[in-house]
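Me: I'd like to learn how to read salt bridges in a model. Could you walk me through it?

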Amino acid sequence: MAKRASEPEKRPGFFSQIKSLFTFTRESYPWLPWAQIAVLIVGVLLGLLAGYLIPPFQIWTLVLWGISGLMLGVLGAMFLMTRLSTSAMYQKIDGMPGATGHVLSTSLGRNWQASETPVGINPKTQDAVYRTVGRGGVVVVGEGSRGRLTRLVNDERSKAARVAHGVPVTVLYVGHGDDDVAIADLAKTIKKLPKAIDKATMGAVIRRIDSVSQSLSSLPIPKGIDPTKVRAQRPR
């Protein structure tokens with residue numbers, strides 16, 4: 001008798017996700033608990049102040065305003081933790097091989113299409129080139145040493161220009177140099193590019209580029225970043 005299929009793994013609950021996110025963020029920002037407590041206190045005080053100033057003044061209305069202020073403080077504390085967790089995630093992955101692919105594949109939204117897998121890679125140095133296509137055209141992103149990336153970047157840029165004539169091709173390098181883009185600013189920089197093509201053209205460009213792209217299945221992909229270990233799960 002065949003074994004029954006194993007039950008799907010249960011996803012962590014809401015409070016478990018909150019705990020994981022809090023633990024992850026506190027590793028980079030030890031002062032997070034005190035900041036959240038301060039936000040809660042400010043929220044309660046604002047609620048009490050509103051209850052005192054807004055007539056008619058009664059004890060039960062003051063209590064209700066205090067509870068409303070507490071809820072506002074909870075939302076503020078959650079918002080603070082979420083923002084700091086994003087910053088902490090970028091700090092963790094900065095400089096890791098594959099960080100660029102992770103950001104491109106998770107942070108650009110629906111107007112851009114990208115893969116976590118590089119379109120070009122140097123197996124010895126792990127320098128890699130990534131590509132994303134969106135309403136702003138084609139963006140080629142180099143991860144690693146500029147000197148070693150020159151050929152890979154030029155090849156990818158030439159390929160995109162050849163099959164997507166008239167579509168702007170932007171080249172970015174991830175790093176901390178004068179002309180580099182920090183990993184934390186990569187998605188924001190790409191999203192700021194002016195819209196140059198419509199969705200139909202975007203789809204056609206993606207198909208053309210994919211049709212001439214060589215398979216990289218035999219090349220080693222950077223294993224330096226594991227998003228499941230680097231980024232804590234966000235609360236649903």
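Me: Is Asp-210 buried, partly exposed or exposed?

Reply: Keep in mind that this is a predicted model. Asp-210 is partly exposed, with a relative accessible area of 44%.

Me: Which side chain does Asp-210 meet in a salt bridge?

Reply: The general idea comes first: side chains of opposite charge can pair when their charged atoms come close. Here, Asp-210 meets Arg-131, with 3.5 Å from N to O. Asp-210 sits in helix H7 and Arg-131 in strand S3, 79 residues apart, so this pair links distant parts of the chain. Arg-131 counts as buried, at 12% relative accessibility.

Me: How many salt bridges are there in the whole structure?

Reply: A search finds eight. One of them joins Arg-148 and Asp-127, whose closest N and O atoms are 2.4 Å apart. Arg-148 belongs to helix H5, while Asp-127 is in the loop between strands S2 and S3, so the bridge ties together parts 21 residues apart in sequence. Arg-148 is partly exposed at 45%, whereas Asp-127 is buried at 3%.

Me: Which residue pairs with Arg-146?

Reply: Asp-180 does, with 2.9 Å between the closest N and O atoms. Arg-146 is in helix H5 and Asp-180 in the loop between strand S5 and helix H6, 34 residues apart. Arg-146 is partly exposed at 36% relative accessibility, and Asp-180 is partly exposed at 23%.

Methods:
Residues are numbered from 1 along each chain as its sequence is written. This is a predicted model: local features need pLDDT of at least 70, side-chain atom pairs count only at pLDDT 80 or more; totals for chains, interfaces and linings use all residues. Side-chain values use heavy atoms; hydrogens and water are left out. A salt bridge is a side-chain nitrogen of Lys or Arg within 4 Å of a carboxyl oxygen of Asp or Glu. Helices (H or I, at least four residues) and strands (E, at least two) are DSSP runs, numbered from the N terminus. Buried means under 20% relative accessible area, exposed over 50%, partly exposed in between (1.4 Å probe, protein chains only).
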